[in-house]
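Here is my notebook from a first walk through this structure. Have a look at it yourself, then follow my entries below.

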Amino acid sequence: MPFPLSNSSSSAPAYVVAIIGGGCAGTLVASQLLRQAWGPARILVIERGAAIGRGVAYGTDFNEHRLNVPAARMSALPEDPKHFLNWARERVKHLGFPDTVDGNDFLPRWMYGRYLEFVLEESKGLAPPDVVLEIVHGEAVDLAETPAGKTITLADGRILVVSAVVLALGLLPGEYPIRRPLPVYHSPRYLHSPLLPTALSGVEKQDDILIVGAGLTAVDIILQCRLLGHRGVIHALSRRGIKPVAHSASPAEPYPAFLRADALPVTVHAAMTLIRAELASAAARGIDWRPVLDSIRPVSAALWEGFSWAERARFLRHVRPFWEAHRHRIAPATAAIIASVQQEGRLKFHAGRLISLRESAGRVAAVLKVRGEERFEALSVAKVINCTGPRSDYSKYQHPLLVNLLAAGLIGHDPLALGIDALPTGQVLRYGTRTPVAGLFTLGATLKGVLWESTAVPEIRVQARQLAEYLCSESS
Ligand SMILES: Cc1cc2nc3c(=O)[nH]c(=O)nc-3n(C[C@H](O)[C@H](O)[C@H](O)COP(=O)(O)OP(=O)(O)OC[C@H]3O[C@@H](n4cnc5c(N)ncnc54)[C@H](O)[C@@H]3O)c2cc1C
């Protein structure tokens, strides 16, 4: 059941919406509620970290950590597609900002963090006086249903009584590179969560390091190494040796949709056959593969929804690594830096599997099994940085809030445990009965099992708006 966020009578009691997680997704839901509710309402954003809005992705201070989507496509507000571009243009020549901003530019991520803060402030200014935003610093560890709504328990013992809850928890930290308890995991020579400005602490300029993973997080670390004047060798290991893929330096014309929304393939094999054929046909006409893949985005959620869970599992096994690299591409300027570090012999990509990690005499000895060969390779490095990407198995992660919600049966996992079982609208489904839990919603990464494409701004902004619309829909 949706609940009213606002009421036409100003004397009515305020509805209280708690958003757990103050990253990009939580900030966008709060902003949309501020813009859409006409009161009285209280919007609580509960965040365990220091900053609201930036989250993991946009908390970096490094200029070279760039957005992987052009500025023209990064508006936080679907109803105002140029909102980010205009915001950035209004700041050209300000301290730290470039002299010009083009819609095709891949701007630094710190700018986007600042922009998200601005969006929240702007939304506050647009809200009626009886729609108020409160930031609650703390970690939500439990959530219970009561006849009046929900109670949220914070780690410090505070209890919040609210009408409805939005889980905006973001991506889970990655898996261990070898899934056994190893002594090295307790050493400062191993870093498990790499999105920290201090990721390279303890690494001398000439030291070699091992990055496990070769995706976007690995790229962040390679850029950070270069900025800090690191001169040692960076080994980047991935199972298949897939390297980061770049956007085209010159923006291409959009490619016409070739997957019909009313006749989508229902098996991975059929979908891949169609996509490969289209790629070949485009290549024969001299058209780059990138716009062809990008043309799938409007129907990707429907495509995923049409797959059975067995087909979705098949996609994860056979297609996912290639899909992730080709869909989530790096900015051309970033690719140029990576290529130059590689040419200097300071970056080596390895394809294989990590067999052992052992710390001794101030180094970490790593052994990897080379892909497709009966050969092992030994590396001696000063630090191992885990960049295996966010964990995709929710059933194994001991997030206190999720564990308690599971124990209470308020949430379940989708069958592949890619996220929380929910309707595509974000309405959470109760474990067992799979009926909607009144007043409990989610968005972003937790909807990956349901929607697949659900972690980037172009998807999150639409989810945030629709969720806010839904929450306000019963208000009249
Ligand atoms: C490095 C990186 C770069 C990216 N670049 C782009 C890009 O260029 N373009 C694009 O479109 N997308 C990009 N993305 C994807 C996407 O935009 C981000 O992942 C987005 O920031 C996700 O926001 P979120 O709010 O869902 O998650 P997060 O940013 O992870 O925020 C979740 C927040 O919830 C808080 N939290 C979690 N549990 C609790 C709890 N129990 N109590 C209190 N607080 C809690 C966390 O502290 C965190 O602040 C990038 C992602 C990453 C990781």
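This is a predicted model: local features need pLDDT of at least 70, side-chain atom pairs count only at pLDDT 80 or more; totals for chains, interfaces and linings use all residues.

**Entry 1: a residue in a strand.** I began with Ile 135, which sits in strand β3 (residues 131–137).

(Buried means under 20% relative accessible area, exposed over 50%, and partly exposed in between, with a 1.4 Å probe and protein chains only.)

Next I looked for the partners of Ile 135. Setting aside neighbours within four places in sequence, Ile 135 is in contact with Val 45 and Ile 52; contact means heavy atoms within 4.5 Å. I also checked Gly 22: 113 residues separate it from Ile 135 in sequence, but the C-alpha to C-alpha distance is 8.6 Å.

**Entry 2: a residue in a loop.** I moved to Arg 91, in the loop between α2 (83–89) and α3 (109–126). Its relative accessible area is 18%, so Arg 91 counts as buried. Beyond neighbours within four places in sequence, Arg 91 is in contact with Phe 97 and Phe 118.

**Entry 3: two helices.** How do α4 and α10 cross? I read that the axes of α4 (residues 216–227) and α10 (residues 332–343) come within 10 Å and cross at roughly 65°. (Axes are lines fitted to C-alpha atoms, for helices over the stretch in contact, and angles run from 0 to 180 degrees between N-to-C directions.) I listed the residues that meet: Val 219, Ile 222, Leu 223 and Arg 226 from α4, with Thr 334, Ile 337, Ile 338 and Val 341 from α10.

**Entry 4: the whole chain.** I stepped back and found 13 helices and 16 strands in the chain. Of its 476 residues, 52% count as buried. Along the principal axes, the C-alpha trace spans about 70 × 55 × 50 Å. Among contacts between residues at least 6 apart in sequence, 70% join residues at least 24 apart.

Methods. Residues are numbered from 1 along each chain as its sequence is written. Side-chain values use heavy atoms; hydrogens and water are left out. Helices (H or I, at least four residues) and strands (E, at least two) are DSSP runs, numbered from the N terminus.
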